[in-house]
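Hi,

Here is the structure I said I would pass on.

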Amino acid sequence: AVEKVKDLLQQSEYLVQPLLIDHQTLAQLAQCCRTDAEAITLRILTRRRQQQYTVVCAYLEIPLQDTHHRRHAFIAIDKNRGALQPAGDNWHYRLLQQYCAPLLQAADGMAIPWWQDIKNYAVNAHQLTSDINVVAWDFIITDQGPLLLEGNINWRVSAPQILFGPLQPLLHSEPMD
């Protein structure tokens with residue numbers, strides 16, 4: 001399969017998410033609790049409200065090694081500073097502390113590379129889709145910079161609610177950006 005992808009890359013440009021390599025800062029997280037090669041995804045939610053576009057919340061989706069299921073660790077990102085928030089009083093962080101404490105320790109004090117650029121890319125991309133109120137943007141961060149994979153209008157609501165609480169207050173609060 002890898003040879004077929006290499007052949008296709010000779011003919012045209014492709015973005016193959018599992019083959020992207022994490023930025024060296026995030027690679028530290030990848031080494032803690034997994035061994036596969038899938039890249040870490042940064043998901044950032046933006047909203048349009050009264051013709052203003054703002055960041056609602058952001059988090060990392062870190063693939064975990066599991067032979068039977070596709071699982072992820074979620075780590076919240078402070079939307080203003082880009083700092084990881086590897087602690088919280090919810091069942092998800094308690095499970096991570098129990099089963100993957102090195103991941104939380106590695107995330108402590110870590111900041112997302114190119115954070116302001118990522119926020120700007122997401123908000124600017126949302127302005128191109130002005131008929132959609134909320135979009136979840138997926139980025140992969142490499143040593144060369146952030147790559148926007150896609151914008152999602154149908155996105156999993158459980159992860160943001162686990163990390164940030166109910167969506168209603170998040171989506172209807174006044175912009176802080």
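**Helices and sheet**

Helix 3 lies across strand 3 (71-77) and strand 4, and its direction is at about 115° to strand 3. Helix 5 also packs on the sheet, where it touches strand 1, strand 2 (52-64), strand 3, strand 5 and strand 6. The angle between helix 5 and strand 1 is about 50°. Bear in mind that this is a predicted model.

The sheet itself is open, with six strands in the order 4-3-2-1-5-6 and antiparallel pairing. Strand 4 (84-85) and strand 6 (145-152) are at the edges; each has a single partner strand, so one side of each has no neighbour in the sheet. Further in, strand 1 (residues 41-49) and strand 5 (residues 134-142) run antiparallel and are joined by six bridges. Arginine 43 has aspartate 138 in strand 5 as its bridge partner.

Back to helix 3 (residues 91-99), which holds leucine 95. Leucine 95 counts as partly exposed because its relative accessibility is 38%. Together with Trp91 and Tyr99, Leu95 forms a nonpolar surface patch of about 380 Å² accessible area.

Proline 113 is the other spot I looked at. It sits in the loop between helix 4 (101-107) and helix 5 (115-127). Is proline 113 buried or exposed? Its relative accessible area is 12%, under the 20% cut-off, so proline 113 is buried. Beyond its neighbours within four places in sequence, proline 113 contacts His23, Thr25, Ile118 and Ile141. Threonine 25 is 88 residues from proline 113 in sequence, yet their C-alpha atoms are 7.7 Å apart.

Cheers

Conventions: Residues are numbered from 1 along each chain as its sequence is written. This is a predicted model: local features need pLDDT of at least 70, side-chain atom pairs count only at pLDDT 80 or more; totals for chains, interfaces and linings use all residues. Side-chain values use heavy atoms; hydrogens and water are left out. Patches are made of residues with over 30% relative accessible area and no salt bridge: like charges are joined within 9 Å, nonpolar side chains (Val, Leu, Ile, Met, Phe, Trp, Tyr) within 5 Å. Accessible areas come from the Shrake-Rupley method with a 1.4 Å probe; for residues, only the protein chains shown count as cover. A salt bridge is a side-chain nitrogen of Lys or Arg within 4 Å of a carboxyl oxygen of Asp or Glu. Helices (H or I, at least four residues) and strands (E, at least two) are DSSP runs, numbered from the N terminus. Buried means under 20% relative accessible area, exposed over 50%, partly exposed in between (1.4 Å probe, protein chains only). Contact means heavy atoms within 4.5 Å. Two strands pair if DSSP finds at least two bridges between them. Axes are lines fitted to C-alpha atoms, for helices over the stretch in contact, and angles run from 0 to 180 degrees between N-to-C directions.
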